[in-house]
Amino acid sequence: MSTIVSADASEIEGAPAARRPTQWAEFENNGVETVEPNRTGEHGQHGSGEKMPTQHRAPTWRSAARGKTVAPVSRRWFSRGASASRRYSRSAPAFPSRCFPFCHGLLAGLILFCWVDSTVIANGPVPEARPVKPVEGLAVDSGLGSDAGSLYLRSGIVDLRSKPSLLKSGIVFDAGRHYVIQLNGPITPTKRALLNARGVELGDYLPMYAYVATLGGVDAQSLLDLGFVAWIGPYEDAWKICPNIGVRMSFTTSDRRRLEAAGKKRLVVSLFTDARLASAKRRIEQVGGSTRTATMGEGRRLIEVDLPHGRLESLRTDPDVMFIEEASEAGPRNSTTTWILQSNVDGVVPLWNAGLHGEDQIVGIIDWGLDADHCAFDDTIPIGPDHRKLRAYHGFASSSPNSHGTHVGGILAGDELADTNPDLKGMAYESRIVFQHYPAVITSSNLEARLVIAHDDGARIHSNSWGSNDDNSYNAWARDIDLFSRNNEEDLVVFAIINGGATSPVGSILNPENAKNCLAVGSCGDTPIQGYHGSGGQGPTTDGRQKPEVWTPGCGTTSATVNTPCNSSTRGCATSYAAPSASGMAILARQYFTDGFYPSGASVPEDSLAPSGALLKAILINSAVNMEGFPGYFGTFEGWGRILMDDALYFADDARKLVIEDVRNDDGLNTGEMDTYFIAVTSADEPLKITLVWTDVPATIGTAYAPVNNIDLSVTDPDGIVYLGNVFDDTQSQTGGTADPLNNAEQVHRSAPVPGTWQIDVLGTDVNQGIQGYALVVTGDAPLCLGADLDHDLDVDGSDYAIFLAAFTAASGDPRYNAQADYDDDGVVSLVDYQTWLAFYRDCIGNGVAPPPIPPARGDMNVDGTVDGRDIQGFIDVITNPTGAGILQRVLADMNEDGLLDDADIEPFIDRLLNPGP
């Protein structure tokens, strides 16, 4: 976190401490500073927004720090130096003063007379800061099991010593009830025999040293005489319900989400061991439940029940019910690709756990027939917009399925609703498919048109597991892909590379995976050899570009089997099975942005944004990790490595942060222009990865060199060391080398980055056609909160707040207008902009610090929320001696908002006194 600049907290901008509200005091106590005005008067100067003949342009960062945007506005981030097309000075505007011909006393008398005569007394209460409460999480109770006199139940800890015991003479036990009997220590064979001899049947053990028991006909006095029985009481209804029912935030399976939407819970009801299943099921149905399964075995009587949530109490009071808990969801075990690509930790699927399964996402697949009757895809509704899985099906009828298309579709988006086979859950199993039957629809010249058809049906990710078997040229297919991608900036086309062994020759890549704008995918092994080659040819392309870019598991994949109702089968190594898994990760990444996970790391609908295909490609490349099965790093074989999504997508409280910049082509670079960004790396604990991707213009058919527009990535660390994109050695970027003129994806990667300020330059080296947009992705231990850093000192503190206040209410053309403080670019610095600034401030400072107050009204010299008599002296002091006042006080005294402090401000101040308000 950025360091707050310390300052003298005795006064803020001339307001006496005794008069300042609590919010100001807390803001001061956190070390904010005041700033002197910029006496050059340059603050707020800016150009027309047109491109200047200089290299630098003002970019817009989007930060993935911990707070969230209050308003869905653009976030102007780090600006340049003097060569910027928009200049921002480092301090506030000057307020020129004039000499006044009247004395201080006369001015005071005039104001006081007007104010008292109108009997305006508005001494409102001083506002207090509201403390921010820390989020309370679940903690491990290290004391569990430490008290022998308690029961440690999931419903809570029960101190039996505080409950009346039935261990007393004359008690008659009910044969139809279940009791708890607690001993004074561990049971022994002798104790058990003694209990049995007295008719006690011990059931399930309850810590500590207690048992569920039936005691009908047992003499209570005989148990009392044993000396080791400590407590007896009924098994209480309050102990029967797990407190976590309904706590779970989301489910990964569609049927569970549908059940939740219907107001029902799927429960596991445990019965006492002497209960009868048939009668228990009847009672469950009588209270509105439906039984799914019933299991009976040694010591087990379980019923899986779907029950309206409001009927839990009816189940709890059932005498046969021992415990009720929410049914767990089974995670994949045999289907390893999901966790390899999401976390590479066995069974850990952070994207699915966050609720990202492909909801509301559509993927286009071109392949050989898909079996629409298989349970991974079937629906009672005809194929079309309302079908749960197949949004559209083009080409041969779906009654002509093929094993390849069925297997591929299952890997990507299959979803068996019954959840009996985890191998029938695709990478993005809630997404829907626009399927095009390859033999029926694809020719050598219509690929772009077919991609447009899928786009028009709603697809934004396009998965393809096919290609030429003998052509490595940049052909019509490759050009079609680049043309489609350039014209449809939100789309990403994914292609499997040609199959091949670990000794495939250099340059064995074919087409159309050699297209510039597609993501080309190779197949790595499955666990435990996911770091090794599985299948795929070796780059580069004929013009020297790097393909493939990434690898995903494609060996031993298990997916839907054609012409079976619901079977799965396992197939050998093939890139065909790697491409759909990469496409699935692209879908989840897209959903991450459309569901508003960026920048806060949690789903915030108002933060929703539609990512470009370049951004999704950059995210997947940024996530990729070194594979030990390939020598070196970033080679013509390995590319950037194996996809590992958790390394790129930020979720709340992750140590590794994410920042993106998604510049569309219309707002991109011309030759010679440069966008510069700054990040503040706080530690070397997390690798720093900076990935640049752009969607290039398609090459002219018949040319042998496909690159058209070239932009370059250059990164400078705090020590002035420069790293160029794609200059790697030993898994990370090295100094020296030359800028990459070929690839439209570049990366700088430092495993242990130097803490401090890093500079990122994106240079339009050769933009030969059109304007070139780009996507920039940064991950690392960099809490990128500097959107509030208006003085560009890489710190967020009181000086930045003062600069914002100086521009507050100013409009474009006003000398006080600061374009950088106008976050929504509407030509005026308003409360909407303040909310955005405040969101950045909170990102940087954290929730433990009180935010600065909402900008006070003009004339409210003591910033207590009201303009009244207590403000008169402060106003007089500023008007008569402007240079002796702080910037905030000068802003508040400038009643007519003309940037001057003079007699023209007196009448508006008096009017405000006569007409008080906030």
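Predicted model: local features only at pLDDT ≥ 70, side-chain atom pairs only at ≥ 80, totals over all residues.
Reader: What are α12 and α13, and at what angle do they cross?

Author: Helix α12 spans residues 447-456 and helix α13 spans residues 476-487. Their axes come within 8 Å and cross at roughly 35°; axes are lines fitted to C-alpha atoms, for helices over the stretch in contact, and angles run from 0 to 180 degrees between N-to-C directions. The names follow DSSP runs (helices are H or I, at least four residues; strands are E, at least two), numbered from the N terminus.

Reader: Which residues make the contact of α12 with α13?

Author: From α12 come Leu447, Glu448, Leu451, Val452 and His455, and from α13 come Trp477, Asp480, Ile481, Leu483 and Phe484. Contact means heavy atoms within 4.5 Å. By class these residues divide into 7 nonpolar, 1 polar and 2 charged (nonpolar: Ala, Val, Leu, Ile, Met, Phe, Trp, Tyr, Cys and Pro; charged: Asp, Glu, Lys and Arg; polar: the others, Gly among them).

Reader: At what angle do α10 and α14 pack?

Author: Helix α10 (residues 403-413) and helix α14 (residues 578-594) pack at about 30°, with their axes 8 Å apart. The crossing of α10 and α14 is right-handed. Val408, Ile411 and Leu412 of α10 meet Pro580, Ser581, Ser583, Gly584 and Ile587 of α14, which gives 5 nonpolar, 3 polar and no charged residues.

Reader: Why is Asn567 called partly exposed?

Author: The relative accessible area of Asn567 is 41%. Buried means under 20% and exposed over 50%, with partly exposed in between (1.4 Å probe, protein chains only); Asn567 is therefore partly exposed. Asn567 lies in the loop between β21 (558-560) and β22 (568-570). Leaving aside neighbours within four places in sequence, Asn567 is in contact with His374, Leu424, Ser559, Ala560 and Thr561. His374 is 193 residues away in sequence and 8.1 Å away in space, C-alpha to C-alpha.

Reader: Why does Tyr209 count as partly exposed?

Author: Tyr209 has 21% relative accessibility, and therefore counts as partly exposed. Tyr209 lies in the loop between β6 and β7, and has a phi near 60°, a positive value in a residue other than glycine. In that loop also lies Met208, which a cis peptide bond with omega of about 5° joins to Pro207.

Reader: What makes Asn344 partly exposed?

Author: The relative accessible area of Asn344 is 28%, so the residue is partly exposed. Asn344 lies in the loop between α8 (337-342) and α9 (350-353), and its phi is positive, about 60°, although it is not a glycine.

Reader: Which strands form the open sheet of 4 strands, and in what order?

Author: The order is β6-β7-β5-β8, with antiparallel pairing; two strands pair if DSSP finds at least two bridges between them. The edge strands are β6 (201-206) and β8 (229-234), each of which pairs on one side only. Strand β5 (residues 179-183) is joined to β7 (residues 210-214) by 4 bridges and to β8 by 5 bridges. Gln182 stands opposite Ala210 in β7, and in β8 its bridge partner is Trp231. Tyr179 has Ala213 in β7 as its bridge partner.

Reader: How do you know that both faces of β5 are covered?

Author: Tyr179, Ile181 and Leu183 on one side and Val180 and Gln182 on the other are all buried. In a regular strand the side chains alternate between the two faces of the sheet.

Key: Residues numbered from 1 in each chain as written. Heavy atoms only, no water. Left-handed = near helix turned anticlockwise from the far one by under 90°.
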